[in-house]
Amino acid sequence: SVRAIAMLLGMSLVAVACGGGGPEQTQLERDLETDLVSRLAPVSVSTTKCIDDPSMARGSIFTCEALVADSFYEVQVEIIDEQGRFEYERRHAVINVIDAETNLGSDASLDLGRQVQADCGDQDYLVVSVLNVFQCQLTLDTADGVGATRNIEVKVLNADQDVDWSLMPG
């Protein structure tokens, strides 16, 4: 059985001063990083970098990347006006593992009719591309008290951390 579990946000509008910028990071990159830090807190965000010399003309679209929770994270940026303001779409979700385990366990318990615990690993956060999957393990309480385990596949539906899950065969 597959269910959606809601968790976070999607698209942002940011104002940027055109031109200038330091030798290592442009104003757009600094503004984007500042917005990502605010949006993704408390997750660490660093090393935001866009393609070299992106066009700042209205309608220009390009990608930028950052390190989020020490993992690759990509956004698509669109310049929306002559002042260089931009909006961006996140191409990855940042999954809070403890929250995901709690939500998956609750959802699976309801669906399977018995107590279930989910384990998605030891990291605090998983950075997963939208429409990609990650694996977790369910431990199902049994009548004899010994937990049976089943693997589940969790598909990330969007950058807002909405996911679907399904039991793996076996």
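A69 sits in the loop between β4 (61-68) and β5 (71-79). Its phi is near 50°, a positive value in a residue other than glycine. The model is a predicted one, and these angles are computed from it. D70 lies in that loop between β4 and β5 as well. D70 is exposed, because its relative accessible area is 70% and the cut-off for exposure is over 50%.

T47 gives a second case of a positive phi. Its value is near 50°, again in a residue other than glycine. Here the setting is a strand: T47 lies in β3. T47 is exposed, with a relative accessible area of 56%.

The peptide bond that joins A41 and P42 is cis, with omega about 10°.

Which residues of α1 are buried? They are L28, E29, D31, L32, E33, L36, R39 and L40. The list includes the leucines L28, L32, L36 and L40, but also E29, D31, E33 and R39. An α-helix has 3.6 residues a turn, so residues three or four places apart point the same way.

Now follow β3 towards β4. S60 is in the loop between these two strands. Is S60 buried or exposed? It counts as buried, because its relative accessibility is 14% and the cut-off is under 20%. The side chain of S60 makes a polar contact with the side chain of S55, at 2.9 Å. Leaving aside neighbours within four places in sequence, S60 is in contact with S55, V77, E78 and I79.

C50 and C64 form a disulfide, with their sulfur atoms 1.9 Å apart. The pair links distant parts of the chain: C50 is in strand β3 and C64 in strand β4, 14 residues apart. The link is right-handed, with 100° about the S-S bond. Both of these cysteines, C50 and C64, are buried.

How many disulfides are there? The count comes to 2. The other one joins C120 to C136, S to S 2.0 Å. This pair too links distant parts of the chain: C120 is in the loop between β8 and β9, while C136 is in strand β10, 16 residues apart. The torsion about the S-S bond of C120 and C136 is about 110°, so this disulfide is right-handed. C120 counts as buried, at 6% relative accessibility. C136 is buried as well, with a relative accessible area of 3%. With bonded cysteines counted along the chain, the disulfides follow the pattern 1-2, 3-4.

Next comes the interior. In soluble globular proteins, nonpolar side chains tend to be buried together. In this model, the largest nonpolar core has 20 residues. Those with the most contacts inside it are I95, L104, F134 and V154. Which elements each supply at least two residues of this core? They are β7 (92-96), α2 (97-112), β8 (116-119), β9 (125-129), β10 (133-140), β11 (148-156) and β12 (163-167). Apart from this core lies another, of 19 residues, with C64, A66, V68 and Y73 among them.

Return to the largest core and take I95 as a guide. Leaving aside its neighbours within four places in sequence, I95 is in contact with A100, D124, Y125, L126, V128, F134, V156, Q161 and V163. One of these, F134, is also among the residues with the most contacts inside the core. β7 and β9 run antiparallel, joined by 5 bridges. In that pairing, I95 stands opposite L126 in β9. β7 is mostly covered, with 4 of its 5 residues buried.

Methods. Residues numbered from 1 in each chain as written. Predicted model: local features only at pLDDT ≥ 70, side-chain atom pairs only at ≥ 80, totals over all residues. Heavy atoms only, no water. Buried < 20%, exposed > 50% of the residue type's maximum accessible area, 1.4 Å probe, protein only. Core = buried A, V, L, I, M, F, W, Y, C linked by side-chain atoms within 4.5 Å. Contact = heavy atoms within 4.5 Å. Pairing = 2+ DSSP bridges. Polar contact = N/O pair within 3.5 Å; in protein donor to acceptor, adjacent residues only side chain to side chain. Disulfide = S-S within 2.5 Å.
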